[in-house]
Amino acid sequence: MKTFQSVKYWIFDLDNTLYSGKTKVFEQVDKKMSKYISNKLNVTIEEAKKIQKNYFHEYNTTLNGMIKNHKINADEFLEFVHDIDIDFLKKDLKLNEELKKLDGKKIVFTNAATNYALKVLEQLGIRHHFDGVFDIADADFVPKPEPAVYDMVINHFGINPRSAVMVEDIVRNLRPAADRGMKTVWVMTDRPWALADAETSKPDFTTTDLSAWLAEVVEP
């Protein structure tokens with residue numbers, strides 16, 4: 001497709017984007033967040049879940065809310081919540097083949113931590129395709145969709161936004177990318193929080209299957 005002939009940078013979110021949300025990988029992280037909050041604030045798991053979700057909606061990540069309200073150690077939080085078992089995650093042979101066809105650099109832009117991102121990419125069998133990871137620590141723990149963070153990614157990798165594509169499962173995280181001139185792709189899931197702002201955030205492309213979409217629109 002001519003739309004992508006001039007693309008030099010492919011920017012991918014990680015969780016529920018480069019692997020299907022149906023794998024339930026992020027559910028493990030979600031549970032670990034609740035456990036961390038329960039332990040740190042000495043509250044029940046039920047109360048911890050409420051705090052977790054409230055912080056996510058107000059501050060865009062639970063971590064950001066915990067930092068602002070409880071002065072926690074961000075590295076401690078990230079290490080705890082990303083200590084999960086992903087051995088069941090299968091290599092994605094189809095996605096591997098489609099990533100091979102993409103011209104340009106490929107970057108992971110995530111609100112998670114780099115070590116976790118690399119572990120997931122390795123498990124999926126696609127780590128070798130990626131030229132870099134920009135994680136929450138690189139963003140000084142300020143999460144997407146804060147516009148300034150997108151400028152940090154652009155500056156870090158020397159990206160011309162008009163020659164870049166961003167792929168995300170949370171639709172509101174695509175708006176700052178679009179505002180900077182990137183093409184945007186929404187990998188739609190059934191998560192209610194990923195659908196928030198769908199009426200006002202209009203991505204260029206929408207799919208429920210990243211590999212199939214890549215196969216359809218990108219020239220080999």
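Mentor: Begin with the open space. This is a predicted model. Residues lining its largest pocket fall into 8 nonpolar, 8 polar and 8 charged.

Trainee: Which residues lie nearest the centre of the largest pocket?

Mentor: Tyr19, Ser20, Gly21, Lys22 and Thr208 do, out of 24 lining residues. The volume of this pocket is about 500 Å³.

Trainee: How much space lies in the largest cavity?

Mentor: About 450 Å³. The structure holds 1 cavity of 30 Å³ or more. Its lining counts 30 residues, with Phe26, Met33, Phe56, Thr61 and Asn111 nearest the centre. By class these lining residues are 13 nonpolar, 9 polar and 8 charged.

Trainee: Which helix gives the largest share of that lining?

Mentor: H1, with 4 residues. Helices H1 (25-41), H2 (45-59), H3 (62-70) and H4 (74-81) each supply at least two.

Trainee: Now the sheet. How do strands pair in general?

Mentor: Through backbone hydrogen bonds, either parallel or antiparallel. Here 6 strands make an open sheet with parallel pairing, ordered E3-E2-E1-E4-E5-E6. E3 (132-134) and E6 (205-207) each have a single partner strand, so one side of each lacks a neighbour in the sheet. On average, neighbouring strands are turned by 20° against each other, direction ignored.

Trainee: Over how many bridges do E4 and E5 pair?

Mentor: Over 4, between residues 164-168 of E4 and 183-187 of E5. Methionine 166 is opposite threonine 184 in E5.

Trainee: Which strands does helix H7 lie across?

Mentor: H7 (residues 147-157) lies across E1 (9-12), E2 (105-109), E3 and E4, and runs at about 155° to E3.

Note on methods. Residues are numbered from 1 along each chain as its sequence is written. This is a predicted model: local features need pLDDT of at least 70, side-chain atom pairs count only at pLDDT 80 or more; totals for chains, interfaces and linings use all residues. Side-chain values use heavy atoms; hydrogens and water are left out. On a 1 Å grid over the protein atoms alone, a cavity is a set of points where a 1.4 Å probe fits but cannot get out, and a pocket is an open set with protein on both sides within 12 Å along at least five of seven lines; lining residues have an atom within 4 Å of a point. Grid points are joined across faces, edges and corners, and a volume is the space filled by probe spheres set on the points. Ala, Val, Leu, Ile, Met, Phe, Trp, Tyr, Cys and Pro count as nonpolar, Asp, Glu, Lys and Arg as charged, and the others, Gly among them, as polar. Two strands pair if DSSP finds at least two bridges between them. Axes are lines fitted to C-alpha atoms, for helices over the stretch in contact, and angles run from 0 to 180 degrees between N-to-C directions. Contact means heavy atoms within 4.5 Å.
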